[in-house]
Amino acid sequence: MHNNSEENIEAVRKMALQFLAEVIGQCPAGLERSSNRDIVFAVLGFQYGAVQSAAYVAGLNEEVSAGIAEDVVSRINGMDKESVSKFLALMPTLAEKEYPPIGIGGKAIISFYNSATDEDKLTTTSSLREILRQIDEA
């Protein structure tokens with residue numbers, strides 16, 4: 001059981017990193033250096049939602065999922081763990097309030113891995129770009 005759990009944790013970590021790298025690749029350059037608080041929360045919320053959804057599907061508990069999210073978000077954004085921890089501490093509250101980027105990220109990662117074609121995968125990876133476009137227009 002322990003080994004299976006370790007395999008699940010690593011599979012979720014790998015899946016989330018692959019998906020989020022694809023998503024970030026579809027977004028504007030320099031996104032990771034943005035100082036716009038709305039953009040930062042949207043990106044981190046999307047990433048958090050994706051990791052949480054993958055962990056849920058893998059049957060991992062909340063504590064394990066939080067650890068994976070911290071690792072993945074810090075690695076994908078090049079942020080230190082302390083900064084990531086501060087942002088991620090707010091995410092469960094935002095999730096309870098149904099913050100849209102969290103839900104969109106959660107659905108997008110599942111859609112990405114269930115996509116039959118590369119075109120369908122590309123559509124799911126553009127979901128974060130669409131969120132950012134809406135923030136820019138607001």
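Asn 77 belongs to helix H3, which spans residues 62-77. In this predicted model, Asn 77 is buried, because its relative accessible area of 13% falls under the 20% limit for that class. Two polar partners surround the description of this side chain. One is the side chain of Gln 47, with which the side chain of Asn 77 makes a polar contact at 2.7 Å. The other is the backbone oxygen of Val 73, which lies 2.9 Å from a polar atom of the Asn 77 side chain.

Gln 47 and Asn 77 also take part in the contact between helices H2 and H3. Two packed helices are described by the angle between their axes and the distance between the axes.

| Helix pair | Angle between axes | Distance between axes |
|---|---|---|
| H2 and H3 | about 135 degrees | 9 Å |
| H2 and H5 | about 50 degrees | 6 Å |
| H2 and H7 | about 160 degrees | 10 Å |

**H2 with H3.** At an angle of about 135 degrees, H2 and H3 are oblique to each other, and H2 passes H3 in a right-handed crossing. On the H2 side, the contact involves Val 43, Leu 44, Gln 47, Tyr 48, Val 51, Gln 52 and Ala 55. These residues meet a set in H3 that includes Glu 62, Ser 65, Ile 68, Val 72, Val 73, Ile 76 and Asn 77. By class, the contact residues comprise 11 nonpolar, 4 polar and 1 charged.

**H2 with H5.** Helix H5 covers residues 100-114. H2 and H5 are likewise described as oblique to each other, and H2 passes H5 in a right-handed crossing. From H2, the contributors are Ala 42, Gly 45, Phe 46, Tyr 48, Gly 49, Ala 50, Ser 53, Ala 54 and Val 57. From H5, they include Pro 101, Ile 102, Ile 104, Gly 105, Gly 106 and Ile 109. The residues of this contact divide into 12 nonpolar and 5 polar, with no charged residue.

**H2 with H7.** Helix H2 runs over residues 37-57 and helix H7 over residues 127-137. Their angle of about 160 degrees is over 145 degrees, and H2 and H7 are therefore roughly antiparallel to each other. Here too, H2 passes its partner H7 in a right-handed crossing. Asp 38, Ile 39, Ala 42, Val 43 and Phe 46 of H2 make the contact with Ser 127, Leu 128, Ile 131, Leu 132, Ile 135 and Asp 136 of H7. This set consists of 8 nonpolar, 1 polar and 2 charged residues.

Key. Residues numbered from 1 in each chain as written. Predicted model: local features only at pLDDT ≥ 70, side-chain atom pairs only at ≥ 80, totals over all residues. Heavy atoms only, no water. Axes fitted to C-alpha atoms, helices over the stretch in contact; angles between N-to-C directions. Helix = DSSP H or I, 4+ residues; strand = E, 2+ residues; numbered from the N terminus. Parallel < 35°, antiparallel > 145°, perpendicular 65-115°, else oblique. Left-handed = near helix turned anticlockwise from the far one by under 90°. Contact = heavy atoms within 4.5 Å. Nonpolar A, V, L, I, M, F, W, Y, C, P; charged D, E, K, R; others polar. Buried < 20%, exposed > 50% of the residue type's maximum accessible area, 1.4 Å probe, protein only. Polar contact = N/O pair within 3.5 Å; in protein donor to acceptor, adjacent residues only side chain to side chain.
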